[in-house]
Amino acid sequence: MTLELGDSLRVRALVYVAGERIPFFWPMRGFIHHNPLHGFEPLPFEDAVAEGAALFHARVFPTRLDRQHALARGEVDGSDLVARITAFAAARPPVAGVDLARWLTTLARDCPHPLLPDGVPSAAAVAAVLAGRSPEVAPPTAPAQVAELRTRFLGGCPPLEAVDALYGTTLAETLDELTIKSCLDFFDEGQSAWAMPGRSRGFYYAWRDLARRNLRFALRGLRLKQVLDATKTPEAMIVHVMRELGIAEADWQAVITRELARLHGWAGFVRWRAQAKRHYWAQQYPADLVDLLAVRLALGLALLRQHGRGGRIPASRSQLAAALDARPAEFALRAAFHAGTLPAALAAPVERALARGDAAALARLDRVASAQRQTDTAEAAAAALRALAVRAGQPGALGRLDAGALASLLDSVAAFEAAEGMIWLYAAESRAVHRLLDAARQDDPPPRPKRPFAQALFCIDTRSERIRRHLEAAGDYQTFGLAGFFGVPVSHMALGHGGETPLCPVILTPKNVVPELSLAGALDTSALSALEKTLHELKESVFSPFATVEAVGLLFGLDMIGKTVAPRSYLAWRRRMHARRDPTRLLIDKFSREQADSIVRAVQRALIVKAVRREFGLEAERVTDDVVRELREAALADAREAPAFAACARLDAPRVARFLQALRDDYRINHDFANAQMEQLGRIGFTLDEQVGYVGQTLRAIGLTQQFSRFVLLVGHGSHSENNPYESALDCGACGGNHGLVSARVLAAMANKPGVRRRLREQGIDIPGDAWFVPALHDTTRDTIALHDLDLLPSSHLVYLDRLREGLTAASRLTAAERLPELEPTPAVLDPQTAAARAARNALDWSQTRPEWGLSRNAWFVIGRRQFTRDATLDGRAFLHSYDWRLDPKRRLLETILTGPLVVGQWINMEHYFSAVDNERFGSGSKVYHNVAGRFGVMTGNLSDLRTGLPAQTVLKDGAPYHEPLRLVAAIEAPFEHARRAVEGVVAVKRLVHNGWVRLLVVDPETRRAHLYEAGAWHTLDRPVGAPAHLDFKESA
Amino acid sequence: MNPKLILAACLLPLFPFSLIFNAVFAWIRPPLARAALLLGWPLSGLWVLAASGITPPDWIVPWALATALLYALRALTLRDAGQWLAYLSVSLGALLWVQPEPALAWAMSAPLALLALVLGAIVKRYGAAFAGYPDALAARSPRLAGVFALAVLAAIGTPPLSSFFVWLSWALTATPGAAVVLLVVWLLWSWAAIRLLQGLLVGEALPEAARPVDLGRAGVWLAALALVALLAGGLWIAGGRI
């Protein structure tokens, strides 16, 4: 079977559209927080979560019980909750004799579980139960059953899922397993000792070749060859399977979406990989969602045929449709039986009747089951209503309701239970808004008589809030917040690493490369490092582990004992064993054209010398510069002769011609490669203009344009933990899930350059000569701040260094003392030094599943001056971005903050929200069961979907949400019109705000009023900022 | 065939005579009556055998092994815990032909009787004891789930409870070929037990799922006492007979 181009493109379009709903999954080396429902962001939040819940079979709001606990802890605004429930009740038809608002409020606050979990029962049946009679039940009708069955199991339902639901098989699970194994084979990034053959041909073709002769599939009884021989391309395979299964073309989109969503971790990884043009493994071994879907569908068809051979289960959708139409009672029972929703007492009789195929018994049992279900539902609803009436203080009200009023009451309760997730969410967010406004200040900071002792620029990360507060309290320090890549998107090439690491938010693509160079000579691997590498290789190869365990297993045992018994001392000893790392420099200046050309030529010359030595054994002394130049020019000119070289090496013309061709082909002395090298060299470093631009923009964005201190610390952040695949999730999101130190070093190097300062002075930013930018790293697990590149520090600054270090140490310890009680049970007051020691131990403890809470409980994103939140203790829950609207009349800086940092903050917030409300589907479950897969992700157990999202240990505590699931409350301190126009000017942010993915608050320093965007309009809050009060809404014009 | 032997084949059930026991077991519903049946049926068989003075023919042990194997295999696909218990009783009852001694019958049947009582407690609370109905028993009724798990383990011959020593005694008495079949039967029953436990105990209960009153402390203590008795019985068998 072959496809026309148009058909192929159509299949690709279908897969592309389906993929849009699947969030990217980035390799975990650089964990990227993302919104699991990113594909739904064009929709309003409420609609998006409903669709996301249906597609991913997930919970999208916390349970009522969790919200009730939050209410008891003061995390939900009780009065706002009541107000919203009252407004909801007022919009419903009144029920005579029932105070609907009171009943619904009681339901929300006092009843832990939904009143109508199984849908709305018949009001007549409930009325009968309330009256003490047996309810009359309606027997099931065949047309209604057929319609329901067709909706559930045909249409967009993947065929294997339908078969499983109706026949109790586990085909979809088996298909997942086979697909995952295929993915593990292909996408492995060096974890396996033996790689899958033929991967460079692409996922589908490599898998197809292997699958046709794969004994594993044959042993399972899968006749995969028959399926694969039908077509060649992945697009054709998709069409072939869809047609073989009899799926109507109108349903293809829905089926493809469901198929991809079933393993959304793998699909998200493949989707990300397909567009990651600089990812080495993607370049070498290409794959996309079409490949993945083709593999999955081919396996699915083979599985279905295998199990359908005996005729017990339908092998195509047309057969299934015919069976549903012919025997609706049987299939209704089948669906209920396998879903576990039958009345328990009927389970055994139904199983027997299904086994016998006894149509009469099945029809009878269907009637009994339906009647029992209706009775049970009515009785449960009646009992719950009675209890609710008593709690609401109207115990006799139910007895006075007629059937119509009871139906109206049931409808209102059902509508409320469908809407209460949003009601609770708004009430919880209202509390967060109150808390921020109560703590905020609206006055201008008092003028400083002199410059601060030191200024520190921190990442906006929520964990910086605590240490900034303590640093400011420790002495004459001024702090600022900005995105941790310090506004400079770079691609870093670390010392000893061949690849590039982008250090910026993933929404940006860095253009400039910054390599790291060592001040020492050529890298020399220490003996210990070599030994460690050898041990790992022995451990990971195919045959050697057996002998390795016997021979050197004890070494691993010693390592284990050391890490377990005395982690701090043992790991410190191990660090001492490694060779000390020499200082390094970052190459931040761009090469001129001449410099780049000279480098390329030098590399070519070195290669030619090496080639001559290797091919002809001629040592350097016999190969003069002239000979090398001749060879180089001949190779580049596509010539076949090099007389001087021929004479020197005593070679005949054909041999010289062959060597020249080898230089072009094997040693890549050719124009194409030289151009590529020039292009690569062109990416290294920044021009002076770029450096001036980045430094100036960064300083202006945070409002730091004067009164520069002697020390200006650029504090990136990162975490340290042992045995933690999620370590990068604790690193800097603004640096692409990496440590922020390199970005700090890059900006410091730029800002310390006299040339840059001279140009900045011309632009009005006068950095005095004694101001020195010092890069530093805030270790968020240990709460320490380490200064870097101190060898570059002017000698005039050394006398102040002790004072600086003492201030940093004090802030570190106080931060640890504040943070530790939230992390582990501690005495009421923890000594700062003890707290710091415990934090340090957490970082080294390889059994610690929660070295820190990370960004959990994030709630606010504040864009404003430090003065705005100076008095606020925000418990490490706020992203703080410095911004002074007075320096930004054209709103450019604010738009930049909204475009980058706010969007990243929203991704982080949504990742935490959904991981907290449904940790199994949107999060990654418990870390305890995680295994690293292919060196890019983790799976639960030995085989599962790639676990996306955050682990339970990051967002849950004792099984309940520790992270408070709220949408990000973004507060801008700026004149209302200024902020509003900035938001309207950034389409992506405008969409997020209008669709309710971010709660936006504008605090106007001129009018001293706060404005909140809600339900499609701006509302002026009728309360002063900085004083606790109740929240009232007034819609503005 | 001797009528008394046929009667014994009904009471120490050999296929197809085992169908009688299964029918009687399915017909009787009260847990106590089922427990009495599980205890009395094989003992009656041994009494008939002893009273008649018949020496079982050589071909009866292979027949008994085949019956035990058949029911063990069939149990792998069962979801109804009551039927599972009946099949286990048949399988074990048939194996008494290997070593027809009353002490072993007691040691083998007592855990089955305990399991019948526990299943009765589950059915009383949830309406059925059928894999998936209820599911997540461990989350909904943790005490009952614990007692149920221990009772199942006791029934299938987990050391050091009495039924384990029964299996051991049979294996040591049997010919090597028969011993292999015995071990296979034992393995199959262990597998079937895990499937049953998985079907009933494991899972996450929805917050709104029914949570009837769990087994009381008295019930737990009684079950614990029974298990201790089974343990003591096992030790007695081990000390006195093996």
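Select chain B first: its secondary structure consists of 11 helices and zero strands, where helices (H or I, at least four residues) and strands (E, at least two) are DSSP runs numbered from the N terminus. From the N terminus on, the elements read α-α-α-α-α-α-α-α-α-α-α. The radius of gyration of chain B is 18 Å, close to the 18 Å that the globule rule gives for 242 residues, so chain B is as compact as a globular protein of that length. That radius is taken over C-alpha atoms, and the rule is 2.2 Å times the number of residues to the power 0.38.

This is a predicted model, in which local features need pLDDT of at least 70 and side-chain atom pairs count only at pLDDT 80 or more, while totals for chains, interfaces and linings use all residues. Residues are numbered from 1 along each chain as its sequence is written, and chains are lettered from A and ligands numbered from 1 in the order in which they are written. The predictor gives the complex an ipTM of 0.87 and a pTM of 0.89. Chain B has an average pLDDT of 92, with 98% of the residues scoring at least 70; pLDDT is the predictor's confidence in each residue, from 0 to 100.

**Chain B as a whole**

With chain B still selected, view its C-alpha trace along the principal axes, where it spans about 60 × 35 × 30 Å. Of its 242 residues, 47% count as buried. A residue is buried if 20 or more other C-beta atoms lie within 10 Å of its own, exposed if 12 or fewer, and partly exposed in between, with C-beta atoms placed from the backbone. Among the contacts in chain B with a separation of 6 or more, 81% come from residues 24 or more positions apart; two residues are in contact if their C-beta atoms, placed from the backbone, lie within 7 Å.

**Two cis peptide bonds in chain B**

Most peptide bonds are trans. Select Tyr133(B) and Pro134(B), which are joined by a cis peptide bond with omega of about 0°. Pro134(B) sits in the loop between helix 6 (102–126) and helix 7 (137–140) of chain B. Pro160(B) belongs to the loop between helix 8 (142–155) and helix 9 (162–173) of chain B.

**The interface**

Display both chains: 12 residues of chain A are in contact with 12 residues of chain B. Helix 20 (residues 347–356) of chain A gives the most to the side of chain A that touches chain B, with three residues. By class, that side of chain A has eight nonpolar, three polar and one charged residues. Here Ala, Val, Leu, Ile, Met, Phe, Trp, Tyr, Cys and Pro count as nonpolar, Asp, Glu, Lys and Arg as charged, and the others, Gly among them, as polar.

**Chain A as a whole**

Now select chain A, which has 40 helices and 20 strands. Its C-alpha atoms fill a box of roughly 110 × 80 × 60 Å, taken along the principal axes. A compact globule of 1037 residues would have a radius of gyration near 31 Å, and the 33 Å of chain A agrees with this. Of the 1037 residues of chain A, 46% count as buried.

**Helix 25 of chain A**

Select residues 544–565 of chain A, which form helix 25. At 1.5 Å a residue its 22 residues should span 32 Å, and the end C-alpha atoms, 29 Å apart, agree with that; the expected span is 1.5 Å times one less than the number of residues. Centre the view on Val552(A) to find a kink of about 70°, the bend at a residue being the angle between axes fitted to the seven residues ending there and the seven starting there. The number of buried residues in helix 25 is zero, so the helix lies largely in the open.

Proceed to Leu714(A), in strand 7 (residues 711–718) of chain A. Leu714(A) counts as buried, with 28 C-beta neighbours inside 10 Å. Leaving aside neighbours within four places in sequence, its contacts include Leu457(A), Phe486(A) and Phe773(A).

Asn723(A) lies in the loop between strand 7 and helix 33 (741–751) of chain A. Its phi is near 55°, a positive value in a residue other than glycine. With 13 C-beta neighbours inside 10 Å, Asn723(A) counts as partly exposed.

Finish at Ala1015(A), in the loop between strand 18 (1009–1014) and strand 19 (1017–1021) of chain A. Phi of Ala1015(A) is near 50°, a positive value, and the residue is exposed, with 9 other C-beta atoms within 10 Å.
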